[in-house]
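Please open the model in your viewer and keep the selection panel at hand. The tour moves from one selection to the next.

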Amino acid sequence: MSNIELRIPARVEYLALVRSVISTAAGMDPHITPERLDDLRLAVSEATTNAIEAHARAESEAQIGLSCQLDEEHVAVEIRDRGTGFDPGKLVPHPPVTDPERLEFERGLGIPLMRRLMDEHEIHPSADGTAVRMVIYTAPAT
Amino acid sequence: MIQPSFSYSEDGAWSILRVHGELDIATAPLLRQRVIAIVSSGVMRLVLDLTDVDFIDSTGLGVLIGALKRFRTNDGQLRLVMDKESSRWRLFETTGLDTIFEVYESVEDAVTDTSS
C-alpha cells in the first residue's frame with residue numbers, strides 16, 4: 001500500500017494543483033484506466049471545491065487535508081475540511097435536466113456526479129468539519 | 001491556476017467563442033463574464049467551442065447551463081462544440097446535459113446546421 005498526503009490553503013487557486021497531484025498519484029496504479037482516472041479527477045475537484053466553500057462560509061484559515069491511498073484493489077481519496085459540517089440529508093434535489101425548470105439552477109450537480117462516478121462515496125460530517133471518502137475499484141476482472 | 005483564454009470570431013449569422021483551458025470554480029466565472037458581455041452586445045447566435053477545454057467540473061457545467069438560459073431567454077441560440085470521444089462529452093452524457101444542449105463535433109458543423 002502507498003499513501004500520499006497533501007495539505008492546501010483553502011483557496012480556489014489550488015484546485016488545479018490538487019487535481020494534478022491526486023490524478024498523478026492514482027495513475028501510479030497500473031490497473032486504473034484513463035476513464036476511471038478522469039472520473040477520479042472530477043470527483044476530487046468537486047469534493048475539494050465543496051471543502052474550499054465550506055472554509056469560506058466558516059471564515060476558516062485552516063488548511064484542507066487530502067490523502068490518496070493505493071492498494072492492490074482500490075484507490076481511496078479522502079478530503080477533510082474544517083468547515084461547520086455538511087449534512088447531505090439537507091440537500092434539496094433539483095429538477096431533472098430534461099425539465100426546463102432545471103435551467104434555473106446553475107448549482108447542484110456536484111454531489112450527484114460524485115455519487116455516480118465513484119464506486120464508494122461517503123460524507124462524514126462532524127462539528128469539526130466534513131470528511132469525504134471516495135473509492136474506485138481498480139482490480140482487473142478475473 | 002491557469003487562466004482560461006478566449007478567442008472570438010464571427011461566421012455569418014454566428015458568433016464563435018473558443019475557450020482554451022480548464023473550467024472550474026476558479027476559472028468558470030471568467031467564461032460567465034464573457035457570455036454575459038456577448039449577450040449584452042446583442043449577439044443572438046453563439047457557438048461555444050470547447051474543443052480545447054481540458055477539464056470541466058460542475059461549476060463549469062453550471063456556467064454553461066446559465067449561458068443556455070440567457071440565450072433562450074432572449075430567443076437566441078447557443079451551440080457547443082466538443083470532441084464526442086472526450087471525457088467532457090462523457091460528462092455531458094452522465095449528467096443528461098447532452099439532451100438539452102445542441103452539441104457538434106466541429107465549428108463548421110455548428111454554424112451550417114439549419115435543422116433548428
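This is a predicted model: local features need pLDDT of at least 70, side-chain atom pairs count only at pLDDT 80 or more; totals for chains, interfaces and linings use all residues.

Residues are numbered from 1 along each chain as its sequence is written, chains are lettered from A and ligands numbered from 1 in the order in which they are written, and side-chain values use heavy atoms, with hydrogens and water left out.

Select A:Glu5 and A:Arg80, which form a salt bridge with the closest N and O atoms 3.4 Å apart (a side-chain nitrogen of Lys or Arg within 4 Å of a carboxyl oxygen of Asp or Glu). This pair links distant parts of the chain, 75 residues apart, from strand E1 (residues 2–9) to strand E3 (residues 74–80) of chain A (strands are DSSP runs of E, at least two residues, and helices runs of H or I, at least four, numbered from the N terminus).

Next select A:Arg19 and B:Asp24, a salt bridge whose closest N and O atoms are 2.8 Å apart. The pair crosses between chains, from helix H1 (residues 15–26) of chain A to the loop between strand E2 (14–23) and helix H1 (28–40) of chain B.

Finally, select B:Glu102 and B:Arg79, whose side chains meet in a salt bridge (3.2 Å, N to O). B:Glu102 lies in strand E5 (residues 102–104) and B:Arg79 in strand E4 of chain B, so the pair ties together parts 23 residues apart in sequence.
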